[in-house]
Structure formats: C-alpha cells, structure tokens
Amino acid sequence: MPELPEVETIKNDLAGLVVRCRIERVEVLDRLVVRYPDVPTFVQRVERAEILSVRRRAKYLLLSLSSGYILSIQLMVTGQLLATKPEEPRRKGLRLIFDLDDGSQLRLVDSSFLARVGALSEGELESEFHLDELGPEANAPDLTLERFKERLRARRGMIKPLLLDQRLVAGLGNIYADEVLFAVRIGPRCRVEDLSDEDISRIYDAMRRILTAAIAQRGTTTRSYRDVLGRKGAYQSSLMVHARAGQPCPSCGGPVQSSMIGGRVAYFCPACQR
Ligand SMILES: [Zn+2]
C-alpha cells in the first residue's frame, strides 16, 4: 500500500509531468472509481480544466484545477497512476483515463477496485473527506519533537497502532511503522504510557530519518507500487523487518516474527525489540 514516501514520489512525478496540462477528456471505465460527487458531475468538473498544481495530504493526491475544483486521487492498496501514450495497450484493471492536451494520458490502474477519485471544492474536501481531522504530516517541518511528544502523550495504548493512526500523525503506514520501531528496538505491543521521553525522541528521529531515506529511494515496492513512469521504488532493499517474516534479523540473526496487532500484520524481532 502506498504510504507517505510513495505518494510523495508520485506527487513529485506529477508536478514535473502534468502541471500546466489541460485535461481534454476523462473516460470513466468503472463508475465505482468516482467517490465524489456523481460520475456526470465529476466529468463536468474535470474536463477542459487545466492542472494548476499538485500536493499531497496524508495518502491523498490533490490536484488543483482551473475550474476551481480539486481532483483527489486515493490509490489505496494496489492503485497505480501511470503516464502513458494513448496507443499503449489497455491493461486489465484499467479504471479511468485522463486525456491530456500534450497528447499523453494519465491512467488509473487498480486490480483491487479500491482506488478512488473525486472532484471537490475546498469546502467539500473538508466536509466529505474530513481532512481537518488528520494529524500533521509525519515529515512536515512544523511537526517538531515537542509537538510529536505532546500528541503521543495524549494517547494510551500500543505504539504500533498509534503510529498508524492518521489522526495522530499522517502518512505512516504498516511498512514504515514496522521499520521505525525496529530502528529504535521498541516492540510493536509496547504501550505508549511505558515509553520514556528519550524513547519518544528516538522514535521521532527514526521516523524522520527513515521517511527521508525512503523518499530519496523513491519509495518501497514490496508488491504493486509503481511511480508515474511505471518504475519500482528502491527502498525495499533497505527494509530490516517489514515483510521479512522467518528471515534472519539483520541485527541478531534470529527469525523475524509477524503477528496481528491492532488488526494489521506487524513484523518485528522479538529478541531485539522490547
Ligand atoms: Zn534481532
């Protein structure tokens, strides 16, 4: 599933490829892909609009259009947003095509039917998607150590599910939460009320360092993630524990374990992480 570094990579790719392009036509191949509003209104809000800018909020891609609306794209688990030529064969899982005025296409491909798009006003973006309830971006300059500590201290419970809670900090998902906790040798079940200020400070530093490194490596491809030009990320070769169940821990050599914690599979080393 694309997390902060993957969506950030796609955002940067789009900024170079499609900003200042006009969307000539949109072809909705799967009506369920349009989350908001209905299909005809979506098409009306998007067609013939110029893409003015692109930004990321948590795992949402938000493209500001000259029509005054914002085109939102959520890739969810397996969604891919690919820049292609129109003559490129249409792959299985193709859900939506934007025809751009430079003669290229932007295609949304998703094998698991979960990716969604929308065309919303700023007000609708807040009221429908509740973006104001999201926490600060995990890599944002204004998320200082003090602010992170304050937000974490206001909560109770196991650290791994808390790091995944987008209302606490936005952008972290299963991959990077596992990697952050291994980097600081803290177990995913460790309760936040048992963490020292020093522990929280180490979690914060590891989170920032790992996200920066993963963005520099253009994200992690464990399965389906691709950038806009269809390339894999490279951070998977740096993963210590995530998706490595049964393989030797890079630190102690013991087997990496996986178990369900807070409804998600957590990967960790039971010997190294307390
Ligand atoms: Zn270990």
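Colleague: What do β10 and β11 form, and how many residues lie between them?

Modeller: β10 and β11 form a hairpin with two residues between them. Glycine 262 in the turn has a positive phi of about 60°. Helices (H or I, at least four residues) and strands (E, at least two) are DSSP runs, numbered from the N terminus. This is a predicted model: local features need pLDDT of at least 70, side-chain atom pairs count only at pLDDT 80 or more, and totals for chains, interfaces and linings use all residues. Residues are numbered from 1 along each chain as its sequence is written.

Colleague: How many bridges join β10 to β11?

Modeller: Strands of a sheet pair through backbone hydrogen bonds, either parallel or antiparallel. Pairing takes at least two DSSP bridges between two strands. Here β10 (residues 257-261) and β11 (residues 264-268) run antiparallel, joined by five bridges. Glutamine 257 faces phenylalanine 268 in β11.

Colleague: What is the strand order in the open sheet of five strands?

Modeller: The order is β2-β9-β5-β4-β3, with mixed pairing. β2 (34-36) and β3 (51-57) are the edge strands, each pairing on one side only. From one strand to the next, the twist averages 25°. Within this sheet, β4 (residues 60-65) and β5 (residues 70-74) run antiparallel, with five bridges. Tyrosine 60 has glutamine 74 in β5 as its bridge partner.

Colleague: Which strands does α2 lie across?

Modeller: α2 (residues 39-46) lies across β2, β4, β5 and β9 (116-120), at about 65° to β9. Angles run from 0 to 180 degrees between N-to-C directions, and axes are lines fitted to C-alpha atoms, for helices over the stretch in contact. α1 lies across β3 and β4, running at about 170° to β3.

Colleague: Why are α1 and α7 called oblique?

Modeller: Under 35 degrees is roughly parallel, over 145 roughly antiparallel, 65 to 115 roughly perpendicular, and the rest oblique. The axes of α1 (residues 4-17) and α7 (residues 197-216) cross at roughly 40° and come within 9 Å. α1 and α7 are therefore oblique to each other.

Colleague: Which residues of α1 and α7 meet?

Modeller: Contact means C-beta atoms, placed from the backbone, within 7 Å. Leu4, Pro5, Glu8 and Thr9 in α1 meet Leu211, Ala214 and Ile215 in α7.

Colleague: At what angle do α6 and α7 pack?

Modeller: α6 (residues 174-183) packs on α7 at about 130°, with the axes 9 Å apart. α6 and α7 are therefore oblique to each other. On the α6 side, the contact uses Tyr176, Glu179, Val180 and Ala183. α7 contributes Ile203, Ala206, Met207, Ile210, Leu211 and Ala214.

Key:
Contact = placed C-beta atoms within 7 Å.
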